[in-house]
Amino acid sequence: MDITALSVSQIVSKIKTKELKAKDVVLTYLTNIDRLDSEIKAYLNVFHDYALKRAEEIDNNPNKKGLLLGVPVAVKDNISVKDFELTAGSKILKGYIAPFDATVIEKIKEEGAIIIGKTNLDEFAMGSSTENSAFFKTKNPVNTEYVPGGSSGGSAAAVKANETLIALGSDTGGSVRQPASFCGVVGLKPTYGRVSRYGLVAFGSSLDVIGPIGKSVEDVAITLSVISGFDLRDSTTAKVPVLNFETYLTGDIKGKKVGLIKEIQNFKIQPEVEEAFRKSLEIFEKNGAEIVEISMPHLKYALSVYYIVAPSEASANLARYDGVRYGFEGNADNLRDFYEDTRTKGFGSEVKRRILIGTFALSEGYYDQYYLKASKVRRIIFEEFKRAFEICDVILTPTSPTTAFRFGEKATPLEMYLSDVFTIPVNLAYLPAISVPFGVDSKGLPIGIQMIGKWFKEEELLNTAYVLQEEAKHV
Amino acid sequence: MKIELERIEKLAALKLDENERGSMLKDLEDIINYFENLKEVETDSIEPMVYGEKIELVLRDDIVEDSLHLTDLKRLRELFGDGFFRVRRIIGE
Amino acid sequence: MFKPTIGLEIHIQLATKSKMFCSCSTEFGDPPNTHVCPVCLGLPGALPVINKEAIRYGVKLAHALNMKINLKSTFYRKNYFYPDLPKGYQITQYSLPLGFDGFLEIPMEGKIKKIRIERGHIEEDSGKSIHIGDITESEYSFIDFNRSGVPLMEIVTQPDFESGDEAYEFLTLLRSIVRYLGVSSGDMEKGALRCDVNVSVSKDENKGTKVEIKNLNSFRSVKRAIDFEVERQIKAIESGERIIRETRHFDEKEGTTKPMRVKEELNDYRYFPEPDLPPLELSEEFVLEVKNEIPELPNKKAVRYIETLGLQEDYARTIAYNKKYADYFEDIVNKVGHPKEVANFFLVNILGFLNKKGKDVDELTFGSNEFKELFSYLDSGLISTNIAKSVIEESIEKGISVKEIVESKGLVQITDENVIKEIVVKVLKNNPTPVSQYLSGKKQVFGFLVGQIMKELRGKGKPELVNKILNEELLKLEKGDEP
């Protein structure tokens, strides 16, 4: 039996019926890691002993319960797992052993998941290629000369390379969806407030969401059911009922209205991506959905808004890394120099760049012009989505304007930022969205289609994604 | 847009070396110039947006729960005296 | 004529059991870093959650200070680096504080002075830095985060004070109010109440340059610092100096203010809305419910003591401002009456005695029953006020009832007119010279004769009766009657 071909629900049911041992599942994935990860470098830390021990506990426990029983889960290394190092891909946190579990970690553990390791990321999730990791670059398993995307590049690559069955990532401006798209896997960014951020290393607090990455919409749907829900430890979670999302994957989208943003033609899109996108629209029509054109004239400001709001929040969120209580310590004989030495040596250049942008955008004399202005335009973009969702049920865009790029290809920060142009507005508007692989380009690199759903309507979004996934099998 | 980079560095507790500062300044100016397009948007009557949909603040009850133990803290940093964190002198910088 | 303009910024620690944004204990005085968790230590991924009780206390205090309540208030991040600030920012309220636009009236020299309150906002405290030895010499500082995240309400007054005395009076009343409300211990020595002062002086309508004074460890220090600073600024201006906008440090020993030695940091706090905490929305019902929990406050109480109970002003205030005193006093007066006498016995005798013994009012066993007995003796003239005082002290000290003391010691006054008359006649007979002096017009010897009579009566003769009978007997002698 090819264990890596099994879905989450298959693994869980086979373990429950003792047809399969959790230990064999874990060993299969650990073996793949041992075999492949020296090349792919998806993991910062593999929990060999821990994962095997957990698997044995599951196998020895006659009471077999849990939606993720025995399922290996890779966790992006900006999510806190008790008693393991948490680096956020940064030198400044090197050596920090987390004394607590993130809420999502508690939840997946409760459902029997086996955390198999921590995956690489752009430092503090700031980046779109995982090249900004302080430790090493992760390669795209589809073609190792290409980046896996980012910032959850390690998570997406691990899923693609069969080094885990599912992975958790975090998405602030596309960090789950874009690497999912680049690696040819499914990545979901839930509605803001759907999943607790407690234990997620904060980047842009009003934008950050933890989301699952998997090989299929079904796997992602099950994982979402597990990690969702109101959390008293995160005051920005919503009291919205958590559904068993997998049961909504009916494939029936008749009469649904799929929104096509008119202004999308103004963006520069790789022709093969554009073609795949058109084709995906046809598929929805063929399945009984109606394509409706929507106008979002302010979408073009999303990048500016994002690159003000996220760094502003980040500039405060990253102030705690001062070398006093944990992590990397600089060297100086007075406090001010100690701070500067710790932070200047501890942070990489993209992180410093964003801290500086954010500090500037909040500083005296510039607040109104940058932070406040951006927060207002954010509302305009939000309202545009709101109006759009009065006439459609889901909005379609390419996940990224291009397929994966080569290492070092994006010469300037701005060029890199532009690769998130379709994912960013979703975070600004707190919406749920998913990237589903849909064909490849001439180099064989995966193309991802992004579907954006209504607030807290992940079940509809996932069902739409499911339709595309099923059709993609025939493309 | 000109940025007083050294002032911003001070606020952010960062200190770039001269080489780094040059390229950083250019990057920042490019990025901030990119933001100029926001000026086109009329926002006089618009309320800023920070918080998501359907999020209602829930308060916690005033109940004391276990704190971290000193053993947890010692994994973070070496402690001094009865359990103090230690920093380079604060005053007289 | 220079006019001083003074404003106060007061931090009041709210007396919750757990911290503002996490469940760590707020207990004071425990070993360092024993009340810390991911939230108040600023560990990666931790998030703040608001303590409901802190909000309740904040609303209560805002009400008591006559503030308007923002039904929607917001939290901001105030950014600066300091080792006792674990997150690199303080969560505080900024544009929409919990309360605003209030006032407190303080009695000043028989008049009422209104101090306007600009705002009252909720925030978290920082940790504590400890220096060993001279702070400018020591190589290291040591940090304890037990206080990090403890809830505070900052009260900012308008610059309505004109003297150190007014500030002192205000703080005394404010502390009394927070204790009445139960929202804070108000203990300055434990840091539960901290006060910074802004002082400026000017000759005309133009405002002077504002100088901030820190390191004020007692109300007396606040008063002294203000008085010194006002004087300093006036002298400086008179000698042609310019006042610089700065922060000064109060030197307790010298009673002077000095510029802080620390180099002024770049002050740009980059306030922005705390994305981890959506706006705090309070219902009208909640606000009303809290309002209804507010007891009669000390300032109102003092007025009532003066106006309805007839107490003198300083007595009224001393009792009313101390909740324990007021509770004790009211309990007695409600059951026994005699407010003026009770106030007098309490402040002069009971309190004096307790102070001497280092005891608290809580420990008193001398309650309404004892007072009831005491007044029955007093009212019927069986004991004098002086004797009553010594009975009180003895009763408290030995834990014996009033009745026992009075009876066992035979302290009851002699009120039998026949007994007194007998002694009076005897004294008059034995003192022919003073008597004849009296009869020849030297009326001052009356007192001497009373003394002699009281001596015979061992001090227990009821003074009014002694006076009356002595008068009668002397009158008889004047008329030539034989006694």
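In this predicted model, helix α9 (residues 302–317) of chain A packs against helix α12 (residues 368–391) of chain A at an angle of about 125 degrees, with the axes 9 Å apart. Axes are lines fitted to C-alpha atoms, for helices over the stretch in contact, and angles run from 0 to 180 degrees between N-to-C directions. Helices (H or I, at least four residues) and strands (E, at least two) are DSSP runs, numbered from the N terminus. The angle makes α9(A) oblique to α12(A), as angles under 35 degrees count as roughly parallel, over 145 as roughly antiparallel, 65 to 115 as roughly perpendicular and the rest as oblique. Residues of α9(A) in the contact include A:Val305, A:Ile308 and A:Val309. Those of α12(A) include A:Tyr371, A:Ala374 and A:Arg378. Contact requires C-beta atoms, placed from the backbone, within 7 Å.

UniProt, in an unreviewed entry, lists A:Lys76, A:Ser151 and A:Ser175 under "active site". UniProt positions follow the numbering used here, feature names are shortened, and annotations may be inferred rather than shown by experiment. The three span 100 residues in sequence, yet no two of their C-alpha atoms are more than 10.8 Å apart, so they gather at one spot.

A:Ser151 lies in the loop between β3 (114–119) and α5 (153–160) of chain A. A:Ser151 counts as buried, with 35 C-beta neighbours inside 10 Å. Burial needs 20 or more other C-beta atoms within 10 Å; 12 or fewer means exposed, and in between partly exposed, with C-beta atoms placed from the backbone. A:Ser175 occupies the loop between β4 (166–171) and α6 (177–183) of chain A. A:Ser175 is also buried, with 37 such neighbours. Leaving aside neighbours within four places in sequence, A:Ser151 contacts A:Ser175, among others.

Residues are numbered from 1 along each chain as its sequence is written, and chains are lettered from A and ligands numbered from 1 in the order in which they are written. Local features need pLDDT of at least 70, side-chain atom pairs count only at pLDDT 80 or more, and totals for chains, interfaces and linings use all residues.

Conventions: Two residues are in contact if their C-beta atoms, placed from the backbone, lie within 7 Å.
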